[in-house]
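Please walk me through this structure, starting with a pocket and its lining, and then moving on to a strand and to the salt bridges.

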Amino acid sequence: MIAASSFKGKRVALFGLGGSGLATAKSLQAGGAEVFAWDDNPDSVARAAAEGIATINLHGIDWSSIASFVLSPGVPLTHPKPHWTVALAKSAGVEIIGDVEIFVRERRRHAPDCAFIAITGTNGKSTTTALIAHILQASGRDTQLGGNIGRAVLTLDPPKSERYFVVECSSYQIDLAPTLNPTAGILLNLTPDHLDRHGTMQHYADVKERLVAGAGTAIVGVDDSFCELIGDRIERSGQKVIRISKRQPLADGLYAEGSRIFRAEQGAVSLLVDLDGIQTLRGSHNAQNAAAAIAACLAVGVAVDEIQAGLKSFPGLKHRMQPVGRRHQVVFVNDSKATNAEAAAPALSSYDRIYWIAGGLPKEGGIASLAPLFPRIVKAYLIGEAASAFAATLGEQVAFEISDTLDRAVAHAAADAARDSDPSAVMLSPACASFDQFKNFEVRGDSFVRLVAGLDGISMLIDVPQGGK
């Protein structure tokens with residue numbers, strides 16, 4: 001854990017006692033702060049009190065004595081309207097920050113020279129974050145991975161020289177980190193998302209921009225207009241900018257042509273890596289993720305040969321286009337994290353012959369937007385509440401069956417693929433939430449992996465999660 005010594009002797013109010021909130025309260029207490037914590041959920045308050053955290057309704061405290069207010073990123077700061085605690089803090093002139101800001105201050109105080117890579121973007125940030133951490137770890141570096149992925153940032157080991165931090169940041173976390181200053185900051189892309197919490201696309205983009213605006217090296221994807229303008233604006237301010245693209249050659253920066261990633265620098269172009277054959281980095285979206293990861297690793301001193309080795313050994317992000325097993329010419333792919341059509345598109349774009357398992361609790365818009373990818377689907381196996389609606393969309397364009405349950409879908413898809421004379425993929429990429437049949441997408445993905453492991457003749461590519469074969 002990182003003890004937040006920057007707040008020693010100060011009174012700090014905190015709202016939001018979920019996992020990261022509890023970790024933040026403990027960090028502040030360990031650093032010597034006097035913490036006043038609260039949550040709208042009585043169960044969360046009781047749990048925090050049982051773990052030794054001082055809890056008090058923040059309506060009743062003297063806000064004039066509070067040095068800082070720490071807000072959970074899940075609590076509205078601005079939209080659709082500020083949380084009541086935000087109004088109290090602002091009226092008292094108290095700064096409003098989050099756990100990432102606390103980490104930033106601790107790093108600046110104790111080890112400002114330690115490498116810190118921060119990653120954001122609408123899509124691809126988790127894969128990029130995991131890939132960077134893997135490259136660093138594979139090269140033998142002391143690497144800490146957390147933030148919006150995996151562990152809360154304040155549960156990581158404390159900053160020190162020669163330690164590398166790789167932190168995924170959501171827009172909510174960036175909004176609460178006013179002095180965010182990573183060694184290398186990555187902004188992958190921007191498409192409309194979380195607008196209920198940011199009001200407008202422009203405000204959402206402005207928040208995301210802060211991560212790269214404060215970075216020593218700003219790495220910006222320039223395949224959408226918002227990010228392109230952000231890159232230009234930051235560069236005009238005199239900051240170092242590395243542009244990345246999956247769509248077009250660049251005069252300066254890293255860009256992908258198919259599976260090959262090139263670096264253009266002062267008129268010279270060199271091939272950095274070919275991703276062909278790396279199953280966990282298939283598709284143009286992963287070429288963008290890899291280009292960003294390469295740029296960040298180069299920025300913190302990793303050699304090209306170390307980066308190439310790390311890319312080749314990347315196991316993939318769990319539940320995201322994850323090859324989990326193989327039988328002869330058939331690969332089984334767990335893409336359970338694809339909970340809407342937009343999220344399912346990258347996986348469907350990455351294989352030519354797909355036996356597609358889809359369905360669950362439907363999202364608005366269904367799968368109509370995936371129609372250009374239907375020619376890749378040999379047959380669909382539809383499960384859950386969305387099955388009939390998806391069947392209507394597929395119509396006569398794609399062969400399908402309504403399998404209802406995941407176990408039946410896996411068995412039937414595996415049997416059909418086994419009869420296919422061409423290489424193919426049996427893919428769980430549901431384009432739906434999981435909540436009709438599973439607790440969450442992780443449970444759904446683990447169930448898929450266990451079902452695949454139970455098939456005859458399967459060579460598993462990952463460890464089988466507990467709970468069954």
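Sorted by class, the lining of the second largest pocket consists of 7 nonpolar, 2 polar and 6 charged residues, in what is a predicted model. This second largest pocket holds about 350 Å³ of space, and of the 15 residues that line it, Lys 240, Val 241, Ile 242, Ala 264 and Glu 265 lie nearest its centre. At least two lining residues come from each of β10 (240-245), β11 (253-257), β12 (260-265) and α10, and β10 gives the most, with 4 residues.

The largest pocket has a volume of about 1700 Å³, and among the 50 residues that line it, Thr 122, Asn 123, Gly 124, Lys 337 and Ala 343 are the closest to its centre. The elements that contribute two or more residues to this lining are α5 (125-138), α6 (171-175), α8 (201-213), α10 (284-299), α12 (341-349) and α15 (441-453). By class, the lining of the largest pocket is made up of 12 nonpolar, 24 polar and 14 charged residues.

Turning to the strands, β7 (residues 163-168) is mostly covered, with 6 of its 6 residues buried. Arg 163, Phe 165 and Val 167 point one way from this strand, while Tyr 164, Val 166 and Glu 168 point the other way. Strand β7 pairs in the parallel sense with β5 (residues 116-120) over 4 bridges, and 6 bridges join β7 to β6 (residues 142-147), again with the two strands running parallel. Within β7, Val 166 is the bridge partner of Ile 117, and Val 166 is also the bridge partner of Leu 145.

The structure holds 18 salt bridges, one of which joins Arg 141 to Glu 306, with the closest N and O atoms 3.3 Å apart. This pair links distant parts of the chain, since Arg 141 sits in the loop between α5 and β6 and Glu 306 in helix α11 (residues 304-312), 165 residues apart. Another salt bridge joins Asp 446 and Lys 318, whose closest N and O atoms are 3.5 Å apart; here too distant parts of the chain are linked, with Asp 446 in helix α15 and Lys 318 in the loop between α11 and β14 (322-327), 128 residues apart. Asp 446 counts as buried because its relative accessible area is 16%, whereas Lys 318, at 45%, is partly exposed.

Glu 235 and Arg 243 also meet through their side chains in a salt bridge, at 3.0 Å from N to O. Glu 235 is partly exposed, with a relative accessible area of 39%, whereas Arg 243 is buried, at 16%. Finally, Lys 379, Glu 401, Asp 416 and Arg 419 are linked in a network of salt bridges.

Terms used: Residues are numbered from 1 along each chain as its sequence is written. This is a predicted model: local features need pLDDT of at least 70, side-chain atom pairs count only at pLDDT 80 or more; totals for chains, interfaces and linings use all residues. Side-chain values use heavy atoms; hydrogens and water are left out. On a 1 Å grid over the protein atoms alone, a cavity is a set of points where a 1.4 Å probe fits but cannot get out, and a pocket is an open set with protein on both sides within 12 Å along at least five of seven lines; lining residues have an atom within 4 Å of a point. Grid points are joined across faces, edges and corners, and a volume is the space filled by probe spheres set on the points. Ala, Val, Leu, Ile, Met, Phe, Trp, Tyr, Cys and Pro count as nonpolar, Asp, Glu, Lys and Arg as charged, and the others, Gly among them, as polar. Buried means under 20% relative accessible area, exposed over 50%, partly exposed in between (1.4 Å probe, protein chains only). Two strands pair if DSSP finds at least two bridges between them. A salt bridge is a side-chain nitrogen of Lys or Arg within 4 Å of a carboxyl oxygen of Asp or Glu.
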